[in-house]
Amino acid sequence: MTITKLFPRRFWSLIAGGAVALAVLAGGASPLQAQSVVVMVNGEPITSLDIEQRTKLNFLTTRKQMPRKEVIEELIDEKVKIKEAKRFGVDPSASDIDQAFAGMSQRMRISPDQLTKSLESQGVRPETLKARLKAEMVWGSLVRGRFKESLQVGEKDVADAAQQSGEPTQADAFEYRLQPIVLIVPRGSAQSAIDLRRKEAESLRERVQSCEQANTYFKSMRNAAVRGIITKTSADIPGPLRELLDKTPIGRLTPPEITKQGVEMVALCDRKPTKIDTPKKREIREKMYSQKYEAKSKAYLADIRKAAMIEYR
């Protein structure tokens with residue numbers, strides 16, 4: 001239902017006018033500089049400035065000029081999504097949003113400050129991008145959390161779809177059982193201390209013949225750590241490490257590597273042939289999940305919009 005069915009237009013005009021007046025007083029701006037309220041969504045305003053900013057951001061990211069009506073509807077959707085997410089306790093903090101902003105800048109291989117300056121040079125406030133990031137974060141988390149069961153993709157459905165495409169669904173691979181080992185070197189240690197630790201690792205590598213021996217040796221050593229055994233397939237391991245593991249005899253250690261923690265090696269406890277999904281099958285599974293997610297997201301949004309109080313000015 002629309003809000004005008006519940007309250008007279010004059011009532012909301014008074015509220016909106018008061019909100020704008022308070023903003024003007026707080027910011028020291030003149031009434032001429034005040035932004036007009038275009039839509040009220042559940043008591044929250046969308047202003048002409050919000051629309052102008054989002055229009056610029058959308059053009060910056062898509063290089064397409066989105067019609068004003070579509071921008072308004074997008075902003076309404078976000079208000080509705082954020083309110084619904086709050087109802088279920090999904091409410092990221094300012095620091096969570098800043099982390100998402102920083103993550104975006106990292107993917108662009110620039111710093112957050114550089115991203116901020118880039119936006120501002122195009123007339124876009126960083127808060128505009130952060131608002132969109134917040135809406136995306138809360139909605140994705142809410143939909144996946146509330147509809148986890150119904151979003152699951154059945155393996156039979158995936159296999160059937162893959163077979164219909166004529167593509168193979170399984171590929172030969174190996175399964176590795178690995179036990180990471182670290183000879184700890186304190187940060188800031190001299191190069192001589194690192195070299196000494198590396199020689200120690202090489203000596204132990206020559207003696208260790210099994211994961212059991214590795215546990216015995218390294219658990220009794222000072223400044224050494226033996227991690228729990230992990231299982232990985234060929235698809236989970238980067239090519240260079242996979243080649244290294246294929247050359248390592250079972251029960252032996254990989255060559256030592258210097259890391260932030262110290263000198264690290266991996267004990268290869270077992271390696272056996274297995275079958276894994278082909279890239280095509282994984283692609284089909286992801287596509288089927290995306291289709292389910294989009295359909296559920298669209299239906300959910302339509303439902304909560306019907307219950308929202310929306311007044312277009």
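Biologist: What does Ala171 count as by its relative accessibility?

Modeller: Ala171 counts as partly exposed, because its relative accessibility is 26%; the partly exposed class runs between buried, which is under 20% relative accessible area, and exposed, which is over 50%, with a 1.4 Å probe and protein chains only. This is a predicted model, in which local features need pLDDT of at least 70 and side-chain atom pairs count only at pLDDT 80 or more, whereas totals for chains, interfaces and linings use all residues. Residues are numbered from 1 along each chain as its sequence is written, and side-chain values use heavy atoms, with hydrogens and water left out.

Biologist: Where does Ala171 lie, and what does it touch?

Modeller: Ala171 is in strand S3, residues 170–184; helices (H or I, at least four residues) and strands (E, at least two) are DSSP runs, numbered from the N terminus. Leaving aside residues up to four places away in sequence, Ala171 touches Thr274, Lys275, Ile276 and Thr278, where contact means heavy atoms within 4.5 Å. Ala171 and Ile276 are 105 residues apart in sequence, yet their C-alpha atoms are 5.4 Å apart in space.

Biologist: Switching to confidence, what is the mean pLDDT, and where does pLDDT stay under 50?

Modeller: The mean pLDDT of the protein is 87, with 89% of its residues at 70 or more; pLDDT is the predictor's confidence in each residue, from 0 to 100. Over residues 1–33 it stays under 50, and for that stretch the model has 31 contacts beyond four places in sequence. Where pLDDT is low, the predicted coordinates should not be read in detail.

Biologist: Now the aromatics: how many aromatic pairs does the structure hold?

Modeller: There are 3 aromatic pairs in the structure, counted when rings of Phe, Tyr and Trp (its six-membered ring) have centres within 6.5 Å, with planes under 30 degrees apart called stacked, over 60 edge-to-face and the rest tilted. One of them is Trp139 with Tyr300, whose ring centres are 5.0 Å apart and whose planes are at 25°, so this pair is stacked. Trp139 belongs to helix H6 (residues 126–146) and Tyr300 to helix H11 (residues 279–307), so the pair ties together parts that are 161 residues apart in sequence.

Biologist: And how are Phe147 and Tyr300 arranged?

Modeller: The rings of Phe147 and Tyr300 are edge-to-face, because their planes are at 80°, with centres 5.2 Å apart. That pair also links distant parts of the chain, since Phe147 is in the loop between H6 and helix H7 (155–164) while Tyr300 is in helix H11, 153 residues apart. Trp139, Phe147 and Tyr300 form one aromatic cluster.

Biologist: Are Phe147 and Tyr300 buried or exposed?

Modeller: Phe147 counts as buried at 17% relative accessibility, and Tyr300 counts as buried at 6%. Trp139 is buried as well.

Biologist: Which residue lies over the face of Phe101?

Modeller: Lys130 lies over the face of Phe101, at 5.0 Å from the ring centre; the rule asks for NZ of Lys or CZ of Arg within 6 Å of the ring centre and within 35 degrees of the ring normal.

Biologist: On to charges, how many salt bridges does the count come to?

Modeller: The count comes to 19 salt bridges, each being a side-chain nitrogen of Lys or Arg within 4 Å of a carboxyl oxygen of Asp or Glu. Among them, Glu44 and Lys79 meet at 3.3 Å, N to O. Glu44 is in strand S2 and Lys79 in helix H3 (residues 68–87), so the pair ties together parts that are 35 residues apart in sequence. Glu44 counts as partly exposed at 40% relative accessibility, and Lys79 is partly exposed at 27%.

Biologist: How far apart in helix H11 are Lys280 and Glu283?

Modeller: Lys280 and Glu283 are 3 residues apart in helix H11, so about one helical turn separates them, and their side chains meet in a salt bridge at 3.9 Å, N to O.

Biologist: What about Glu311, buried or exposed?

Modeller: Glu311 counts as buried at 1% relative accessibility, whereas Arg313 is partly exposed at 37%; their side chains meet in a salt bridge at 3.3 Å, N to O.

Biologist: Which residues are linked in a network of salt bridges?

Modeller: Glu155, Asp277, Lys281 and Arg285 are linked in such a network.
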